[in-house]
Amino acid sequence: MHVDIAKDKKSYSFRMESSGEPRSGTVNRKGATCILSGSPITFEHIRTEGRAGRLGFKLMAIVIEYKGSRFYIDPTEEHEKIALSTKAKNSPDTMLPEKALGFRVQAYGMAKHADLFTQRQLVCLTTFADTISEVIENLKSDIRVFQKASKADFSPDFAEEYAKAIALYLGIAVSRSANTHCSLAVWSSGRDQSVNVFSRHALPMNWDFPEVNPFGEAAGDMIETISSIYKVITRLRPSAPVHIGLANATEIKTEVKKSIVLTDPPYYDNIGYADLSDFFYIWMRRSLGKYFPDIFSTVLTPKSDELIATPFRFDGDYDKAKSFFEKNMELFFTRAFSLQSPEFPFSLFYAFKQSEGVDDEEGFDEEAGEDSSQISTGWETMLSALLNAGFCVVGTWPMRTERPTGVKVQTNSLATSIVLTCRPREQKAKTITKRDFQALLRQELPKPIEALRASNIAAVDLTQAAIGPGVAIFSKHSAVLESDDTRMSIRSALLIINQVVDEILSSVDSELDPETRWCITWFEKFGFGEGDFGAANQLAQARNVSVDRLARIGLVKSQQSKVKLIERNALDDDWTPEKGHTPAWLALQYLIRYFEDQGGEMEAGRLLRELGPVGSACRDLAYRCFAICERNGWAVEGMPFNSIATSWGEIQKCAVNAEFSPKQETFDV
């Protein structure tokens, strides 16, 4: 495609050549591929070259904007020469931690915080940071001139305090800009803009990045950054004086006899808060150190008392890190117990997955989801400390606190936090047996689980949210006794809760048509892979169907003694639901296909309306299928089920409105 652009009486011309299908990336989980020879390159070799200082940058494209659209053009040698010629002066000299939770970049030769930025980005950030003091001095001078001219009754230190407040917001703006002006930022091809480094709480290695214009009226633009901060300030309406303090949570003191305590506690070994905070701290200290010397008295953020279980601070000793976290978490909850007013519940916000996901060391985050029998140490430790301090859970609510989509929209990421409300456990609380506990779970959990499904909570969040009511049952008793009369641990309780949740989710099977029940059982074992005809036939006979019928109605493909479920992209295009005879499995697959490929919620809503009664079973089936995928670690297969369950409310609205809006026809021109 050849494009000519005329602007300001000047003509610019460039050519974009298309070679058909776009090439796949050059880096994956196994290593890299040489773009010249196509030969594989191991990560070990790449890291060795990085530590030797032989990894560099290559300018790949320049993005220009014209009439609301953005175009990618090839850079010239002059462009690249200019880009690499800038040299920053007086850059941050602080060192990255040798090892830290969520950090991968040190293995590639990045030893200092300055190594996370290009020279041009460093010039940008250091210039902004160093200019703040000049701006503030001019501001103070202007304020004093105004005071003198207006003869207003200002306090003696008004100019100093007002200027400090402005400096604070400017310093925040500079540190926030670092999130975009960094060589670990991501270019979103879908949005044609830079995306922040911290799409998650980690600094993984990134293999391509944008270098954006700080005055480009887009992501990373300093004026836009300051404007967004200004919008927040103008909408704040404080109704009471506020005191903000900095203290160790296990030693916190207050003059209020009984307080209301609310907290979002640290997530065990999931996030290295302090190490990650240094990314912003170094810029805020540079901007604001002279105005807030007490806050920025240390070169980097303090680390020794941070309440996380990181073995790197205990010479690699995991047991010491675990003991440190458990001891101090219980100290905090005990302190909160003594401070909490009996009139109000103690509230805890938590958004940590029960099953600990897979964090690939090369930065390819894949929350694969493990077997539900695996309970995260974070959940276990937090709940154990909470109950040992004397609290019991009296209520749980799922709260959507995370963005449902981000840079990696195709991930089964948690979108919900769990709010646990707690009160002191009654002194007369009963002791029950394991059998009693299981019976109470089976009796009381179905109602809250159905309420969660009816609220269209994301499938990835359902099990997470469902443990709240289960823990409430466990924690209100003084003890739950195992068969040998020992006290049941919170880990054992969580395992039992998850097992009962699985039972409740799978109980939907009995209400489904036999073809769908066959598909669920087959999917649970083989996914969309192949299995032997003999096993398929035996299962079909048990479900009172036949493999021939399953193949005839388009559920499976049977050939050469092998049987497999037909994947959505291979389903018959010329299909209409057969009222009263459409299997729920087939209906769900077409709903997902319509939702993902043929018009989103509107077209899925039209189909849902046509499906009639069988459509109502598809929502529960989606939750059931996602649970199977999560238990088997099938992250990719689980995404569509999670998406359809999350969007079910909007799809239902579209189904209701479908009769009032004509279906749009498309024509080939």
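Predicted model: local features only at pLDDT ≥ 70, side-chain atom pairs only at ≥ 80, totals over all residues.
1. Asn28 stands opposite Gly31 in S4. These residues belong to strands S3 and S4 (residues 31-33), which pair in the antiparallel sense over 2 bridges; two strands count as paired if DSSP finds at least two bridges between them. The open sheet that contains them has 3 strands in the order S3-S4-S5, with antiparallel pairing. Its edge strands are S3 (27-28) and S5 (40-41), each of which pairs on one side only.

2. Residues are numbered from 1 along each chain as its sequence is written, and side-chain values use heavy atoms, with hydrogens and water left out.

3. Concerning the chain as a whole, the secondary structure comes to 20 helices and 20 strands. Helices (H or I, at least four residues) and strands (E, at least two) are DSSP runs, numbered from the N terminus. Of the 669 residues of the protein chain, 44% count as buried, where buried means under 20% relative accessible area, exposed over 50% and partly exposed in between (1.4 Å probe, protein chains only). Among the contacts in the protein chain with a separation of 6 or more, 69% are between residues 24 or more positions apart; contact means heavy atoms within 4.5 Å.

4. A second open sheet of 3 strands has the order S18-S20-S19, again with antiparallel pairing. Strands S18 (530-532) and S19 (556-559) form its edges, each pairing on one side only. Neighbouring strands of this sheet are turned by 25° against each other on average, direction ignored. S18 is joined to S20 (residues 562-565) by 3 bridges, and the two run antiparallel. Within this pair, Glu530 stands opposite Lys564 in S20. Helix H13 packs on the sheet, touching S18, S19 and S20, and its direction makes about 105° with that of S20. Axes are lines fitted to C-alpha atoms, for helices over the stretch in contact, and angles run from 0 to 180 degrees between N-to-C directions.

5. Apart from neighbours within four places in sequence, Glu515 is in contact with Val545, Arg549, Leu550, Ile553, Leu555 and Pro583.

6. Glu482 is placed in the loop between strand S17 (479-481) and helix H12 (490-506). The C-alpha atoms of Glu482 and Lys434 are separated by 5.4 Å, although the two residues are 48 residues apart along the chain. Leaving aside neighbours within four places in sequence, Glu482 is in contact with Lys434, Arg487, Met488 and Ser492.

7. Helices H18 (residues 613-632) and H19 (residues 635-646) pack at an angle of about 150°, with their axes 8 Å apart. On the H18 side the contact is made by Ala622, Tyr623, Cys625, Phe626 and Cys629, and on the H19 side by Glu637, Gly638, Phe641, Asn642, Ile644 and Ala645. By class, this contact has 8 nonpolar, 2 polar and 1 charged residues. Ala, Val, Leu, Ile, Met, Phe, Trp, Tyr, Cys and Pro count as nonpolar, Asp, Glu, Lys and Arg as charged, and the others, Gly among them, as polar.
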